[in-house]
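My entries follow the display.

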Amino acid sequence: MNKIKEAFRNGKAFIAFITCGDPDLDTTAAAIHAAVENGADLIELGIPFSDPTAEGPVIHGANVRALNGGVTTDQIFTFVKNLRHDISIPLVFTTYANVVFSYGTERFLATCQEIGIDGLILPDLPFEEKEEFLPSCHKYGIGFISLIAPTSQNRIAMIAKEAEGFLYIASSLGTTDAKSEIKASLSSIVQIARQYADIPCAIGCDIATPEQAKDMAAIADGAIVGSAIVSLLEKYGKDAPAYIGDYVKAMKEAM
């Protein structure tokens, strides 16, 4: 799990989210390579789920397209194993608790270790229930990434004290989606978290423009962008990787 911190060693980290299999795994691979070649420091790989409750319509649509295309968790595992032949930056999976449970927690995390996954994000899992997964994550060296929302308030310290890898700070309430404005008091959340943990803080959920990325980099240690990248995949399909490369370059330069 220490490898995740490598993403934050060379300035502010740009974290790109991509749904595996949208529209197909070959395009996913090309998009990841384009992001890495243009400055992405960590890739958040979404394993699609039929009921992605934390996602807005953009990423929800990507889940639907990927599942309709027939992608499976086993195919994604094989895909990541092959990806690791030439992608060395940290990789984390984002999915839902039911995906891990149905696959078998031990089997899922053992495979993550085997293929080179560094962390796991389960956005539908309350912090208080993380013990369902944490021992197995530790057993296989997978960082369990905790999330903090603007409503966490008195729970920020509790979550930060036990955080691993990096703290994922949601920039607004509700589901993930790219918005024109980010209004949450993020600087205060980051300040509180840093009082209780020596761990990188990355802000995500609503970031879409270079200006927003620059603002978030001034507050935290990194920015996480998902919906804006997924929108390019929805718009351009198999041709999206070139656009994603240009987009990531602009975002990283702004940071």
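**Ground rules.** I am working on a predicted model, in which local features need pLDDT of at least 70, side-chain atom pairs count only at pLDDT 80 or more, and totals for chains, interfaces and linings use all residues. Residues are numbered from 1 along each chain as its sequence is written, and side-chain values use heavy atoms, with hydrogens and water left out. Helices (H or I, at least four residues) and strands (E, at least two) are DSSP runs, numbered from the N terminus.

**Entry 1, α3 and α5.** I looked up helix α3 (residues 73–83) against helix α5 (residues 105–115): their axes come within 9 Å and cross at roughly 20°. That makes α3 roughly parallel to α5. Axes here are lines fitted to C-alpha atoms, for helices over the stretch in contact, with angles from 0 to 180 degrees between N-to-C directions. Angles under 35 degrees count as roughly parallel, over 145 as roughly antiparallel, 65 to 115 as roughly perpendicular and the rest as oblique. I noted the crossing of α3 and α5 as right-handed. By the convention, a crossing is right-handed if the near helix is turned clockwise from the far one by less than a right angle, and left-handed if anticlockwise.

For contacts I took heavy atoms within 4.5 Å. On the α3 side I found Thr-73, Asp-74, Phe-77, Val-80 and Lys-81, which meet Arg-107, Phe-108, Thr-111, Cys-112, Glu-114 and Ile-115 in α5. The residues of this contact of α3 with α5 sort into 5 nonpolar, 2 polar and 4 charged. The classes are Ala, Val, Leu, Ile, Met, Phe, Trp, Tyr, Cys and Pro as nonpolar, Asp, Glu, Lys and Arg as charged, and the others, Gly among them, as polar.

I took α2 with helix α10 (residues 227–236) next: the axes come within 9 Å and cross at roughly 50°. The two helices, α2 and α10, are therefore oblique to each other, and their crossing is left-handed. Val-58, Ile-59, Ala-62 and Arg-65 of α2 make the contact with Ser-227, Val-230, Ser-231 and Glu-234 of α10. I count by class 4 nonpolar, 2 polar and 2 charged residues in the contact of α2 with α10.

I then paired α10 with helix α11 (residues 240–254), where the axes come within 9 Å and cross at roughly 150°. That makes α10 roughly antiparallel to α11. The crossing of α10 and α11 is right-handed. From α10 the contact takes Ala-228, Ile-229, Leu-232, Leu-233 and Tyr-236, and from α11 it takes Ala-240, Tyr-243, Ile-244 and Tyr-247. The contact of α10 with α11 has 9 nonpolar residues, no polar and no charged.

I found Thr-95 in the loop between β3 (91–94) and α4 (97–103). Thr-95 is buried, with a relative accessible area of 0%; buried means under 20% relative accessible area, exposed over 50%, partly exposed in between (1.4 Å probe, protein chains only). The Thr-95 side chain reaches the backbone oxygen of Ile-47 at 3.2 Å. Setting aside neighbours within four places in sequence, I list among the contacts of Thr-95 the residues Val-100, Phe-108, Leu-120 and Pro-123. The C-alpha atoms of Thr-95 and Pro-123 are separated by 7.3 Å, at 28 residues apart along the chain.

Glu-55 sits in the loop between β2 (42–46) and α2 (57–68). At 12% relative accessibility, Glu-55 counts as buried. Its side chain makes a polar contact with the side chain of Tyr-96 (3.2 Å). A polar contact is a pair of N or O atoms within 3.5 Å; within protein, one must be able to donate a hydrogen and the other to accept it, and residues adjacent in sequence count only if both atoms are side-chain atoms.

I placed Gly-222 in strand β9 (residues 222–225). Gly-222 is buried at a relative accessible area of 0%. The peptide bond from Asp-22 to Pro-23 is cis, with omega near 0°.
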